Amino acid sequence: MILATMLQLTNVRKAFGPTVAVDGLSLSIRQGEVFGLLGPNGAGKTTTVNMAVGLLKPDQGTIELDGAGSPDRPDVRGKIGVATQALALYEDLTGDENLSFFGKLQGLTGRKLAERVAWALEFVALSDRRRDSVKTYSGGMKRRLNIAVAVIHDPPLLLLDEPTVGVDPQSRNAIFENILALRKQGRTVVYTTHYMEEAQRLCDRVGIIDHGRLLALDTVDRLITAHGGKSILLAERTSGEVRVETDNPLAELLRLQKEGPLQRFRVERPNLERVFLHLTGRELRDA
Amino acid sequence: MNAIMALATKDLRLLIRDKAGFFFTFFFPLLYAVFFGAIFSGPGTSATGMKIVVVDEDGTEGSKKFIRELNDSPELDVEVADRQAATDRVRRGQRVGYVVLPKGFGKARGRVFGGERVKIETGVDPARKAEAGMLQGILTKYMYQGIQDAFANPDKMREQVNESLVEVQNAQDMDPAAKATLQWFLPMIDRFMRELPTGQSANRGWQTFDLESKDVVVQRGGPKNSYEISFPQGIIWGVMGCAAGFGISLVDERTKGTLVRLRIAPIGRMHILAGKALACLLTTIAAPVALLLLAVVAFGVRPDSWPLLGVAVVSVALCFVGIMMLLSVLGKTERSAAGIGWAVLIVMAMIGGGMIPLFVMPAWMQTMSHASPVKWSILAMEGAIWRNFSIAEMALPCGILLAVGAVCFAIGTHAFRWTVEG
């Protein structure tokens, strides 16, 4: 089945003075998918998101949303929900007031607005704190409210820019649940992160970018198959450790077992970290 | 329009929750107006006179009468004590000064033609030189009151004339020519006083005028009280606080990322600025209105023209909305915007009469004040409150304010940094 395109970036380039942030990037985000934009800090992820929502004008190339046109246009921007990397909330307002305000900017009024505010608060599990000032929220709660603001107007496309930065594991899991729920509802999600395990867990497809260029784009499994190398079987015997690179760890384990008793073993499957290492020659976290 | 209203409502809500911002917009201007109004309001009806001690070494009916006159005067608050106690009271700062009435004072006071001079001694706290001068003036006034009384009473005058004539006749060391003149002149006065008609008019003696004191209500030509000067100044501080606060809040929106969220919303850039400007405008109108109502209710301020005052307040508000927009582009961070913004505003206030009234400034500074919107703001409000400006006279300050506001708004919106870092 061929899915329709929700967001199309074609040969997009953006430079800040001599620094090229995005260099000839072309992406096609499909409707209903969770698309991960994976790369180290400074890779050009946020610049890409900012261009996708009309905050920045590309120096070159085009961006089109759902066949409706460029996000420069306010009516096109209304189809996008954004959770920015910086917490874009009014700390002296309550959660309820923040959502109402941003909902009004999206054209919601009256009963519809009240319903959407209630839904968004429920969605991010903040209903019981709705009347509290945001400055009393924990970091994780603010991140969740940031996502609630992004979904208040029920947009078909969501851009989540590093939505788990600085949150506790519990809130991180809650955010993952939110994203998976949105996918279930048919929303398209573009998720930028430099945490490969998040991309691996959430994303249908992943684009890996570095220095503003797209290095690879595919499903997580295919990327790993193509660029992650073989699994590594680490087995321990009384005589010492055995390390074997293999496409079939189970068969290799049985073979080693026949050669002699094993005290313990471990299999290291290839992951996106190794994909990034393979593509760039650098560790993702150190890049 | 809904988006602009939503933006303005949000900013007003944030202002109300920002205790410091609320204080500088509404309460600081009130404190300023009341404080300076009270300072320049004068002693008022309940104020007491200058506190002095009188030492009565004469102890005659004449000296006691003089002390009663001093005590009844509005200028003085008199206490009688002996010399030692009086000196102590002054030294301790409890009284401004002391006055010693020497022996012979009662007789000497009111004597018109010669006789031995008496010396009235005063002692004043050296830290209060100005009051020393005032005290001498007040004593002189009441001393001459005695002479005036003598002239106003023919019988008393004749008694004095005859006493003086005896003294002149007995004087051994007087210049013969002067002696002869007085021996001719004094009997003439005695005769004149004796031949004055009897009855009420006779008691007027030589008094050539009566003074009648009436409470006068000032009709035109000046402020009716000091609060009519201090409230416009206080209001300017509130308006400047608004402009600074909203200007900084725009920088705050940019640095904290909420501006990005606003820009992503399906509204135009001018909606965002219009929302901010509307909130600033409403606040810069609300603060003066609240202060003026309080000034009228509690401080006796009576504007000459409410409609013109409304025009002045709106003109001032529009001017400072423009200035707010300009201030918002002067700094990259909240701190730098606040620093630069307040520096600009304080200079405006300094040269524009926001700190001290323009009329006490030197001429060159009054000329310089034309460059400050604060001057025109105060002039516009004073024009409607007590200067009795006509519509034509109001056109100049209000026109200047609107022009300054428009230019600043245009520059501010043009220079406002919309871009975000990549």
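Helices (H or I, at least four residues) and strands (E, at least two) are DSSP runs, numbered from the N terminus.

Residues are numbered from 1 along each chain as its sequence is written, while chains are lettered from A and ligands numbered from 1 in the order in which they are written. Because the model is predicted, local features need pLDDT of at least 70 and side-chain atom pairs count only at pLDDT 80 or more, whereas totals for chains, interfaces and linings use all residues.

Among the buried residues of helix 3 are Asp96(A), Glu97(A), Leu99(A), Phe101(A), Phe102(A) and Lys104(A). The buried residues of helix 3 pack against both chains: helix 4 and helix 5 of chain A, together with helix 1 (2-17) and helix 10 (258-264) of chain B. After helix 3 of chain A comes Gly107(A), with a positive phi near 95°.

Turning to the sheets, six strands of chain A form an open sheet in the order 5-6-7-3-8-9, with mixed pairing; two strands pair if DSSP finds at least two bridges between them. Strand 5 and strand 9 (213-219) of chain A are at the edges with a single partner strand each, so one side of each has no neighbour in the sheet. From one strand to the next, the twist averages 15°. Within this sheet, strand 3 (residues 34-38) and strand 7 (residues 188-193) of chain A run parallel and are joined by five bridges, and Leu37(A) stands opposite Thr192(A) of strand 7.

Helix 6 (residues 169-184) of chain A packs on the sheet, where it touches strand 3, strand 6 and strand 7, and its direction makes about 150° with that of strand 7; axes are lines fitted to C-alpha atoms, for helices over the stretch in contact, and angles run from 0 to 180 degrees between N-to-C directions. Ser171(A), Ile175(A), Asn178(A), Ile179(A) and Leu182(A) are buried in helix 6. Viewed down the axis of helix 6 of chain A, the buried residues fall within an arc of 95°, so they line one face of the helix; the arc is that of the directions from the helix axis to the C-beta atoms. On the other side of helix 6, Pro169(A), Gln170(A), Ala181(A) and Lys184(A) are exposed. The cover over the buried residues of helix 6 includes strand 3, helix 4 (110-123), helix 5 (139-151), strand 6, strand 7 and helix 7 (196-202) of chain A. Gly186(A), which follows helix 6, has a positive phi near 90°.

A second open sheet of chain A has three strands in the order 2-1-4, with antiparallel pairing. Its edge strands are strand 2 (19-30) and strand 4 (60-65) of chain A, each pairing on one side only. Strand 1 and strand 2 of chain A are joined by eight bridges, and Val12(A) has Leu25(A) of strand 2 as its bridge partner. Helix 1 of chain A packs on this sheet, touching strand 1, strand 2 and strand 4, with its direction at about 120° to that of strand 1. Helix 1 of chain A also lies across strand 3, strand 6 (157-161), strand 7 and strand 8 (205-210).

Finally, strand 10 (residues 231-237) and strand 11 (residues 240-246) of chain A pair antiparallel over seven bridges, forming a hairpin with two residues between them. Strand 10 of chain A is also joined by five bridges to strand 12 (residues 264-268), again antiparallel, with Leu234(A) opposite Arg266(A).

Conventions:
Two residues are in contact if their C-beta atoms, placed from the backbone, lie within 7 Å. A residue is buried if 20 or more other C-beta atoms lie within 10 Å of its own, exposed if 12 or fewer, and partly exposed in between; C-beta atoms are placed from the backbone.
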